[in-house]
Amino acid sequence: MTAGKNILEHLKKVDSTLYQVAVKFDVDEVVKFENHRNYLERLCRAIVGQQLSTKAAATIWGRFAELVPNKEVTPNNVALLQHEMMRGAGLSNAKARYVHALAVAVIEKEIDLENLDTLSNEAVISELTKLKGVGVWTAEMFLMFTLLRPDVFSVGDLGLRRAMEKIYGLSDPSAEVLIEISSKWSPYRTYVCRILWESLDNNPSS
């Protein structure tokens, strides 16, 4: 049985409302993840893309990548970038500072990115949110899309909130209500989030 079929079978048992939405998609295709090993690059990209549309984030990231020597996003290469260069690529003042601070934190061993995949979800969030410019949402996206953790739900994601309001007919639900609904999807919450984003055509994985 494929991953998509497993997820559909689970939803059919625990959440018939969402199941009726999920069957409209090629779930095997929706839940595909790319494997990314350059954790610094993924975090830089997440910071660059905060508060931006997928298209705008991709454009600015492309400009940023052109600035990095040999397009290799390493701590030393990023730390060498001047603030005004990053501003010229479209980063805000704050984002330029955050990206530089992230590179310096790795160089000075304030954070060990390479060993993040050995930590629990909660410990990863705790480590990453120590960094300037990295909040809980960014850490959760890192868990989902970079570490490929299968059972993560981001209660603060506006896209997920909108999708759930639409599907379940909710009006301004509390975080507790959203978490309670999502608990039924375990151990596939990350994949179900992909389905919810897909229902809005608003997947943040780009």
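Mentor: Leaving aside residues up to four places away in sequence, Ser 154 touches Trp 137, Glu 140, Met 141, Met 144 and Leu 160. Contact means heavy atoms within 4.5 Å. This is a predicted model, where local features need pLDDT of at least 70, side-chain atom pairs count only at pLDDT 80 or more, and totals for chains, interfaces and linings use all residues. Residues are numbered from 1 along each chain as its sequence is written, and side-chain values use heavy atoms, with hydrogens and water left out.

Trainee: Where is Ser 154 found?

Mentor: Helices are DSSP runs (H or I, at least four residues), numbered from the N terminus. Ser 154 sits in the loop between helix H10 (136-145) and helix H11 (158-168).

Trainee: Does Ser 154 count as buried or exposed?

Mentor: Buried means under 20% relative accessible area, exposed over 50%, partly exposed in between (1.4 Å probe, protein chains only). Ser 154 has 0% relative accessibility, so it counts as buried. Asp 201, in the segment after helix H13 (189-200), counts as exposed because its value is 69%.

Trainee: How do the axes of H10 and H13 cross?

Mentor: Axes are lines fitted to C-alpha atoms, for helices over the stretch in contact, and angles run from 0 to 180 degrees between N-to-C directions. The H10 and H13 axes come within 10 Å and cross at roughly 105 degrees. Therefore H10 is roughly perpendicular to H13 (65 to 115 degrees).

Trainee: Which residues make the contact?

Mentor: H10 supplies Met 141, Met 144 and Phe 145; H13 supplies Thr 190, Cys 193, Arg 194 and Trp 197.

Conventions
Helices (H or I, at least four residues) and strands (E, at least two) are DSSP runs, numbered from the N terminus. Angles under 35 degrees count as roughly parallel, over 145 as roughly antiparallel, 65 to 115 as roughly perpendicular and the rest as oblique.
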